[in-house]
Amino acid sequence: MATATPSLSLPLPSGTRAPSFQLAATPEQSVSLASCAGSPVVLVFYPADFSPVCSDELALFNEVLPELQRHGARVFGVSVDSVWCHQAFVRERKLRFPLLADFHPKGEMSQRYHAWREGEGVSERALYVLDGGGVIAWSDVSRPEVNPGVDGVLEALEKLSAGASSREARS
């Protein structure tokens, strides 16, 4: 008898104001949406540090980080693991972007971003690109066993950059 796979959450749609957040990046430092004002933000929600698909997904974001930063983007991984687990994962995987601990209250940010798997108590595998004003430009939720890659994120950042360039040209 097959067990049913839980349905995926629907991400918050483009044009929606992103929910505010403030999460620990280290034991001494937190990051808030307000602290990112003026820069595009990429949020990579994932189920768990050290899991195979999550490790591969974050390694891919680490590899293309210079391209994401070329668009001025700030990149953050988000899961319900603790800052201590994140620190070990960052060290082992040599990640060059912060991981935010949606640890307590567990999954609060993930829930607000419609990136929460209630049955498992972990974040969905979800991607969000926010513009510099904190509005969702693009979002996607994938099955937990699928690495969604970075193509959608790169396309969204290119559109944001193109829009900024055309606004600057009109000024």
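Biologist: What makes strand 8 and strand 9 a pair?

Modeller: The bridges do. Two strands pair if DSSP finds at least two bridges between them. Strand 8 (residues 125-130) and strand 9 (residues 136-142) share 6 bridges, in the antiparallel sense. Strands are DSSP runs of E, at least two residues, and helices are runs of H or I, at least four, both numbered from the N terminus. The model is predicted: local features need pLDDT of at least 70 and side-chain atom pairs pLDDT 80 or more, while totals for chains, interfaces and linings use all residues. Residues are numbered from 1 along each chain as its sequence is written, and side-chain values use heavy atoms, without hydrogens and water.

Biologist: Which residue is the bridge partner of Tyr128 in strand 9?

Modeller: Ser139. Between the two strands of this hairpin lie 5 residues, and Gly134 takes a positive phi near 80 degrees.

Biologist: Why is Gly132 called partly exposed?

Modeller: Buried means under 20% relative accessible area, exposed over 50%, and partly exposed in between (1.4 Å probe, protein chains only). Gly132 has 28% relative accessibility, so Gly132 counts as partly exposed. Gly132 sits in the loop between strand 8 and strand 9.

Biologist: Which residues does Gly132 touch, beyond those up to four places away in sequence?

Modeller: Contact means heavy atoms within 4.5 Å. On that count, Gly132 touches Ala37, Gly38, Ser39 and Pro40.

Biologist: Why is Ser110 called buried?

Modeller: Its relative accessibility is 0%, so Ser110 counts as buried. Ser110 belongs to helix 4 (residues 108-112). Leaving out residues up to four places away in sequence, Ser110 touches Phe45, Asp102, Ala115, Trp116 and Ser123.

Biologist: Phe45 again. What makes Phe45 and Tyr113 a tilted pair?

Modeller: Rings of Phe, Tyr and Trp (its six-membered ring) pair if their centres lie within 6.5 Å; planes under 30 degrees apart count as stacked, over 60 as edge-to-face and the rest as tilted. The structure holds 4 aromatic pairs. In one of them, the rings of Phe45 and Tyr113 have centres 5.5 Å apart and planes at 40 degrees, so the pair is tilted. Phe45 is in strand 3 (residues 41-45) and Tyr113 in the loop between helix 4 and strand 6 (116-117), 68 residues apart.

Biologist: What is the pair of Tyr113 and Tyr128 called?

Modeller: Edge-to-face: the centres are 5.2 Å apart, with 80 degrees between the planes. Tyr128 lies in strand 8 and Tyr113 in the loop between helix 4 and strand 6, so the pair ties together parts 15 residues apart in sequence. Phe45, Tyr113 and Tyr128 form one aromatic cluster. Phe45 and Tyr113 are buried, and Tyr128 is buried too.

Biologist: How do you know that the buried residues of helix 3 line one face?

Modeller: Helix 3 (residues 83-93) has Val83, His86 and Phe89 as its buried residues. Seen down the axis, they fall within an arc of 120 degrees, so they line one face of helix 3. The arc is that of the directions from the helix axis to the C-beta atoms. The face turned away carries the exposed residues Trp84, Arg91 and Glu92. Cover for the buried residues includes strand 1 (22-24), helix 1 (52-63), strand 4 (74-79) and strand 5 (99-101).

Biologist: How many disulfides does the structure hold?

Modeller: The count is 0. Cys85 is in no disulfide; its nearest cysteine sulfur, that of Cys54, is 11 Å away. A disulfide is a pair of cysteine sulfur atoms within 2.5 Å.
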